[in-house]
Amino acid sequence: MSQAFVRENDDQWLDDVSPTLNALINFLTRENNGIRVYEKNSRIENGREVHEMSNGLSYAKDHRGRWQMA
């Protein structure tokens, strides 16, 4: 049996993703059925960096350094 079938239920959550932009992009791309997600824009909002992504959503790190939707 291939690893693809074995790992099917091995879910990763947004707040489990490493606190780097590359890790966020890789996670979002996997969640988007392999269709590449990229950063469209970034801005500072309420003292934190917010990343606007091509999937139409924005993401920022919380006070613990974990990703969340902004």
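Predicted model: local features only at pLDDT ≥ 70, side-chain atom pairs only at ≥ 80, totals over all residues.
In which strand is His51 found? His51 is found in strand β2.

**View 1. Four strands form an open sheet.** The strand order is β1-β2-β3-β4, with antiparallel pairing. β1 (39-45) and β4 (67-69) stand at the edges. Each has a single partner strand, so one side of each is left without a neighbour in the sheet. Neighbouring strands are turned by 30° against each other on average, direction ignored.

**View 2. β1 pairs with β2 (residues 48-53).** The two strands run antiparallel and are joined by 6 bridges. Ile44 faces its opposite residue, Glu49 in β2.

**View 3. β2 and β3 meet in a hairpin.** These strands run antiparallel, joined by 3 bridges. Glu52 stands opposite Ser58 in β3. Between the strands lie 4 residues. Gly56 takes a positive phi near 90° in this hairpin.

**View 4. β3 and β4 form a hairpin.** Their pairing is antiparallel, over 3 bridges. Ala60 stands opposite Gln68 in β4. The hairpin has 5 residues between its strands. In the turn, Gly65 has a positive phi of about 85°.

**View 5. Helix α2 (residues 21-31) packs on the sheet.** The helix touches β1, β2, β3 (58-61) and β4. Its direction makes about 35° with that of β2.

**View 6. The largest nonpolar core has 11 residues in all.** Its members are Leu14, Val17, Ala23, Leu24, Ile25, Phe27, Leu28, Val37, Met53, Tyr59 and Trp67. The largest share, 5 residues, comes from α2. Leu28 is one of the core residues. Leaving aside neighbours within four places in sequence, Leu28 is in contact with Val37, Met53, Asn55 and Tyr59.

View 7. The side chains of His51 and Glu39 are joined by a polar contact of 2.6 Å. Not counting residues up to four places away in sequence, His51 touches Leu21, Glu39, Asn41, Ser42, Leu57, Ser58, Tyr59 and Trp67.

Note on methods. Residues numbered from 1 in each chain as written. Heavy atoms only, no water. Pairing = 2+ DSSP bridges. Axes fitted to C-alpha atoms, helices over the stretch in contact; angles between N-to-C directions. Contact = heavy atoms within 4.5 Å. Core = buried A, V, L, I, M, F, W, Y, C linked by side-chain atoms within 4.5 Å. Buried < 20%, exposed > 50% of the residue type's maximum accessible area, 1.4 Å probe, protein only. Polar contact = N/O pair within 3.5 Å; in protein donor to acceptor, adjacent residues only side chain to side chain.
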